[in-house]
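The tour moves through a few selections, one after another.

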Amino acid sequence: MDSRIARIRRKLAKVPYAELRSYSFGEEKHGFHLEPPLPAAKVAELEADHHIELPDPYRSFLTRLGGGGASPWYGLLPLQSCRLFTMDPRGEPGRPRGFRFSAGPPHRSDLFLHIIEAGCSDLVLLGITGPLAGRVVTGNADGFWGPNVSSAMDFLAWYERWLDHMLAGRDNRSLHLTSPALRASDDRIERQHRHREDLSQHRESGAMSSA
């Protein structure tokens, strides 16, 4: 068994809930807990149905740690909700590449599995085939912004990095992770901005009344 499995389990148990700690919108929903691990037969069934083979680190996570739950954004999708995507072909220079749903075999492009719900048309994907197999890729289905490939070499390394940053209270925009202090500062700036706008509108209204 990969030694990282036990280490990740220990780290996850140490992560306390902290309001405003991150952009992990699913915190209240999953409470930093994972769903029960999946039977290996369930994982094999999905692989057979889609004619794919999941990267070993991700399969180990599903069968030994949990089949969904705690992660950045809205949480890890249950395996039955994960869908396959392909990256759009290169277009005009400088134009971001989007992703499109892959209905099924035969697969003519590199495949990516949608593993985390990020909201709207944003995607957190795991490379299944091709040069990015095993790597976590974030992108936008409509190509509003270009794909970003994590420097973590596999899913377990990516997930453990997230836990390390959570435990250390570090900021990491690529994981949508921001410390409470920074979030609080952002909130104060926004409140101050709204207050200034209200004062300005009040003065303008008073000046018009006087006229």
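This is a predicted model. Begin with helix H5, residues 155-168. Colour its buried positions: Phe-155, Leu-156, Trp-158, Tyr-159, Glu-160, Trp-162, Leu-163, His-165 and Met-166.

Next, check the helix length. H5 has 14 residues, and at 1.5 Å a residue it should span 20 Å. Its end C-alpha atoms lie 20 Å apart, so expectation and model agree.

Now go to the start of H5 and show the side chain of Asp-154. One of its side-chain oxygens comes within 3.1 Å of the backbone nitrogen of Leu-156. Then jump to the other end. Gly-169 follows H5, and its phi is positive, near 70°.

From H4, take Pro-57, Tyr-58 and Phe-61. From H5, take Phe-155, Leu-156 and Tyr-159. This contact has six nonpolar residues, no polar and no charged ones. Phe-155, Leu-156 and Tyr-159 are also on the buried list for H5.

Finally, zoom out to the whole protein chain. There are six helices and six strands. From the N terminus, trace the order α-α-α-α-β-β-β-β-β-β-α-α. Of the 211 residues, 41% count as buried. Among contacts with a separation of 6 or more, 57% join residues 24 or more positions apart.

Technical notes:
Residues are numbered from 1 along each chain as its sequence is written. This is a predicted model: local features need pLDDT of at least 70, side-chain atom pairs count only at pLDDT 80 or more; totals for chains, interfaces and linings use all residues. Side-chain values use heavy atoms; hydrogens and water are left out. Helices (H or I, at least four residues) and strands (E, at least two) are DSSP runs, numbered from the N terminus. The expected span of a helix is 1.5 Å times one less than its number of residues. Buried means under 20% relative accessible area, exposed over 50%, partly exposed in between (1.4 Å probe, protein chains only). A polar contact is a pair of N or O atoms within 3.5 Å; within protein, one must be able to donate a hydrogen and the other to accept it, and residues adjacent in sequence count only if both atoms are side-chain atoms. Contact means heavy atoms within 4.5 Å. Ala, Val, Leu, Ile, Met, Phe, Trp, Tyr, Cys and Pro count as nonpolar, Asp, Glu, Lys and Arg as charged, and the others, Gly among them, as polar.
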